[in-house]
Amino acid sequence: MSLSRTFIRTLSLATAVLMSSAALALNTGGTIAIAPTANSLEVINLAPTSSGNFIPQNIKLYEAHWQGMDVMKLTTELTRQLRYPIGMRGAIVNEVTLNAAMSGMLGGDIIVAVKDMPVTELESFVAATRQVKDLRYAAVTVMRKSEKQDGRGRYEMRQMVFVIRSVLDLGFAQAEGAPMILPGDPRPHAYRGPCTDCHTIGDGTFTMPDPDLIILPPPPLTVPQMRSGKRPHNDRGPCIACHQTKAAEPLRMR
Ligand code: HEC
Ligand code: HEC
């Protein structure tokens, strides 16, 4: 199913009207709706309805950052791909740097407790870090994959405890949702439920120029630019294969 812009605008307008406690006029001419939510995420929808962005309430968390670690939601899909035990619960560490790396934790570890608070989901991980935010150290219990596999080809896990230490207070984890997607974007992953359970929808992403110039989208070129054949990169094939033309009429290549 592809979502049309109009549909999304209508929906976000409806949400704004329903949820707003205050509507202010912006100097851009639009209005902003401030939508307080009951959940701990405190998502505040400041998107002008004219922006076309749809910001669902109660969106699922996808990633959190704490003490140098990248922690992600552990899905059944991921558990299966990593061959971790069926029914494994917790939050999965994707990457360790800084204090997390110093503690001995590794990417792939599944966090099952912070101090004495059980972690079963990314949400409970974030909540647990709030309880230790003023401390300077806290024990983190993880399940780490062993070399051994069970009869079904799943790794056996062993429990380990690491101590995260900080010179200052530990602070609490900051969370992110899944990336914002455009209405009508195809789904690059398996079906995971309604798109708006996890994604904000609209045009709010920004692509950083990356140092290796790999992920920059090809900018549109004018016809003379294409005809000139002058390019800052090496030969990648016919220009129209990747670059959109800025010309109104379709480009005929000679
Ligand atoms: C349960 C959460 C969840 C649901 C539901 C979901 N997605 Fe996603 N989606 C993700 C996550 C997390 C990512 C980040 C990469 C990954 O894990 O595959 C992602 C990545 C994407 C991306 C790539 C975005 C980027 O910038 O990298 C697109 C496009 C996308 N999803 C489309 C969809 C569509 C369309 C639907 C509905 C049919 C949908 N998703 C439903 C969680 C979800
Ligand atoms: C396979 C895809 C591909 C092909 C074919 C291709 N380009 Fe590009 N081009 C890119 C990408 C991606 C970028 C963004 C920067 C980069 O990756 O180098 C780019 C950047 C450019 C830029 C810089 C524009 C800017 O504003 O920064 C010019 C000019 C350009 N290409 C010209 C051409 C011309 C002329 C041709 C045909 C002779 C061509 N390209 C063929 C992918 C392509």
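Which residues come nearest to ligand 1? Of the 16 residues around it, these are Ala178, Pro179, Arg192, Cys195 and Cys198. The points below begin with the basis of the model and then return to the ligands.

1. **Basis.** This is a predicted model, in which local features need pLDDT of at least 70 and side-chain atom pairs count only at pLDDT 80 or more, while totals for chains, interfaces and linings use all residues. Residues are numbered from 1 along each chain as its sequence is written, and chains are lettered from A and ligands numbered from 1 in the order in which they are written.

2. **Ligand shells.** A residue is taken as near a molecule or strand if its C-beta atom, placed from the backbone, lies within 6 Å of it. The shell of ligand 1 has eight nonpolar, three polar and five charged residues. Ligand 2 is surrounded by 19 residues, with Pro218, Arg231, Arg236, Cys239 and Cys242 the closest. By class, that shell holds eleven nonpolar, five polar and three charged residues. For these classes, Ala, Val, Leu, Ile, Met, Phe, Trp, Tyr, Cys and Pro count as nonpolar, Asp, Glu, Lys and Arg as charged, and the others, Gly among them, as polar.

3. **Overall content.** The protein chain has five helices and ten strands; helices (H or I, at least four residues) and strands (E, at least two) are DSSP runs, numbered from the N terminus. Of its 254 residues, 22% count as buried. Buried is defined as 20 or more other C-beta atoms within 10 Å of the residue's own, exposed as 12 or fewer, and partly exposed as in between, with C-beta atoms placed from the backbone. Among contacts between residues at least 6 apart in sequence, 54% join residues at least 24 apart; a contact means that the two C-beta atoms, placed from the backbone, lie within 7 Å.

4. **Nonpolar core.** The largest nonpolar core has 30 residues, and Ala64, Val71, Ile111 and Phe125 touch the most other members. The elements giving two or more residues to this core are β3 (63-66), β4 (69-73), β5 (91-96), β6 (110-114), α4 (122-131), β8 (137-149) and β9 (155-165). A core here is a set of buried Ala, Val, Leu, Ile, Met, Phe, Trp, Tyr and Cys residues joined through C-beta atoms within 7 Å. Leaving aside neighbours within four places in sequence, the contacts of valine 71 include Ala64, Ile92, Ile111, Leu122, Phe125 and Ala173.

5. **Helix α4.** Which residues of α4 are buried? They are Leu122, Phe125, Val126, Ala128 and Thr129. These residues lie on the same side of α4 because they cover an arc of only 160° around the axis, the arc being that of the directions from the helix axis to the C-beta atoms. Their cover includes β3, β4, β5, β6, β7 (117-118) and β10 (174-176).

6. **Strand β3.** The covered face of β3 has Ala64 and Trp66, and the uncovered one has Glu63 and His65. In a regular strand the side chains alternate between the two faces of the sheet. Strands count as paired if DSSP finds at least two bridges between them. β3 pairs antiparallel with β4 over four bridges, and with β10 over three bridges, also antiparallel. Glutamate 63 has methionine 72 as its bridge partner in β4 and glutamate 176 in β10. The hairpin of β3 and β4 has two residues between the strands, and glutamine 67 there takes a positive phi near 50°.

7. **Strand β6.** Two bridges join β6 to β5 in the antiparallel sense, with isoleucine 110 of β6 as the partner of isoleucine 92. Four bridges join β6 to β8, again antiparallel, and valine 114 is partnered by valine 140 in β8. β6 and β7 run antiparallel, joined by two bridges, and alanine 113 has proline 118 as its partner in β7. These two strands form a hairpin with two residues between them, in whose turn lysine 115 has a positive phi of about 55°.

8. **Two loop residues.** Aspartate 185 is found in the loop between β10 and α5 (223-228). Aspartate 185 counts as partly exposed because 14 other C-beta atoms lie within 10 Å. Its C-alpha atom is separated by 9.5 Å from that of isoleucine 201, 16 residues apart along the chain. Arginine 152 lies in the loop between β8 and β9. With 8 C-beta neighbours inside 10 Å, arginine 152 is exposed. The C-alpha atoms of arginine 152 and isoleucine 86, 66 residues apart along the chain, are separated by 9.9 Å.
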